[in-house]
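User: Could you take me through this model? I would like to begin with the ligand and then look at the whole chain.
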Amino acid sequence: MAAAQLYSKFTRVWIPDPEEVWKSAEITQDYKDGDRSLHLQLEDGTLYDLPIGPDGDGLPFLRNPDILVGQNDLTALSHLHEPAVLHSLRVRFVESNLIYTYCGIVLVALNPYEELPLYGDDVLWAYSGHHRGDMDPHIYGVAEEAYRNMARANENQSVVVSGESGAGKTVSAKYALRFFATVGGSRGAVESRVMAANPILEALGNAKTTRNANSSRFGKYVELRFGGGQRLLGAHVRTYLLERSRVVCQ
Ligand SMILES: Nc1ncnc2c1ncn2[C@@H]1O[C@H](COP(=O)(O)OP(=O)(O)OP(=O)(O)O)[C@@H](O)[C@H]1O
Ligand SMILES: [Mg+2]
């Protein structure tokens, strides 16, 4: 669509802000091709003229209609860009205390920095056997999908956990492991041993940094082996990615 149609009066946009990162504004006058500024009104009522380049560069990101914001999957948004993603994640967290959101096959997890009642056995079993699209986004939903695909296709599955320091990778991986150990457990010692290995590795391999009181000093590749009936047989942990920036002395 031409810019003139998209940037019409009453359309809402996101403009960068040094403090709030992104700030919402409403267009007060239709934009025409060649206009060198876009007339806006900020949410506090202030008027603001945003300079626009000769080829329309500098036109701001469009804000999604409120009805689309806060859904389970970010791909439901008409406009998918940084302010749209951040706003949607914020609305879910602030209004409904939801820390998980899908973005297609990816699960986006916010770190709530407090214990939420999200991980009990009742929740875990509610996710077991259910298609991930039928349930609210959750790390257990991702684990269930991997478990189900392994069973159905008889193929190895991988779950990659990434994010900046303190984002919650170690915690998320622990809950994924807990899911596999519980649904694949045979009420034997294997699953409790697999779970018990984690605190030992953390005791040796984690340290406090300014960003995370329990920061991992090496990445882990955890290989779980399942036998007939998708029963957990054992686990193999390999360390890799020893980040030198995370080690102060030998
Ligand atoms: N889902 C969660 N629920 C509650 N608290 C959480 C959750 N995820 C993370 N946290 C809190 O945040 C802290 C940091 O998380 P975590 O150690 O998983 O980060 P990380 O991504 O592994 O960081 P690093 O790269 O430094 O190892 C945890 O010790 C915990 O207090
Ligand atoms: Mg970690």
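Analyst: The answers below start with the basis of the model and then follow your topics.
Analyst: This is a predicted model, in which local features need pLDDT of at least 70, side-chain atom pairs count only at pLDDT 80 or more, and totals for chains, interfaces and linings use all residues. Residues are numbered from 1 along each chain as its sequence is written, chains are lettered from A and ligands numbered from 1 in the order in which they are written, and side-chain values use heavy atoms, with hydrogens and water left out.

User: How many residues surround ligand 1?
Analyst: There are 18, and the closest are Asn111, Ser165, Lys169, Thr170 and Ser215. A residue counts as near if one of its heavy atoms lies within 4 Å of the molecule.

User: What kinds of residues are in the shell around ligand 1?
Analyst: The shell holds five nonpolar, nine polar and four charged residues. Here Ala, Val, Leu, Ile, Met, Phe, Trp, Tyr, Cys and Pro count as nonpolar, Asp, Glu, Lys and Arg as charged, and the others, Gly among them, as polar.

User: Which polar backbone atom is 2.8 Å from an oxygen atom of ligand 1?
Analyst: That atom belongs to Gly166. A polar backbone atom of Val171 is 2.9 Å from an oxygen atom of the ligand.

User: How much of ligand 1 does the protein cover?
Analyst: The protein covers 86% of the 640 Å² of accessible area that ligand 1 has on its own; such areas come from the Shrake-Rupley method with a 1.4 Å probe.

User: Which element gives the most to that shell?
Analyst: Helix α5 does, with three residues.

User: What box do the C-alpha atoms fill?
Analyst: The box is roughly 70 × 45 × 30 Å, taken along the principal axes.

User: How far apart are Glu144 and Arg148 in helix α4?
Analyst: They are separated by about one helical turn, because they are four residues apart in that helix (residues 139–153). Glu144 and Arg148 form a salt bridge, with the closest N and O atoms 3.7 Å apart; the term requires a side-chain nitrogen of Lys or Arg within 4 Å of a carboxyl oxygen of Asp or Glu.

Note on methods
A polar contact is a pair of N or O atoms within 3.5 Å; within protein, one must be able to donate a hydrogen and the other to accept it, and residues adjacent in sequence count only if both atoms are side-chain atoms. Helices (H or I, at least four residues) and strands (E, at least two) are DSSP runs, numbered from the N terminus.
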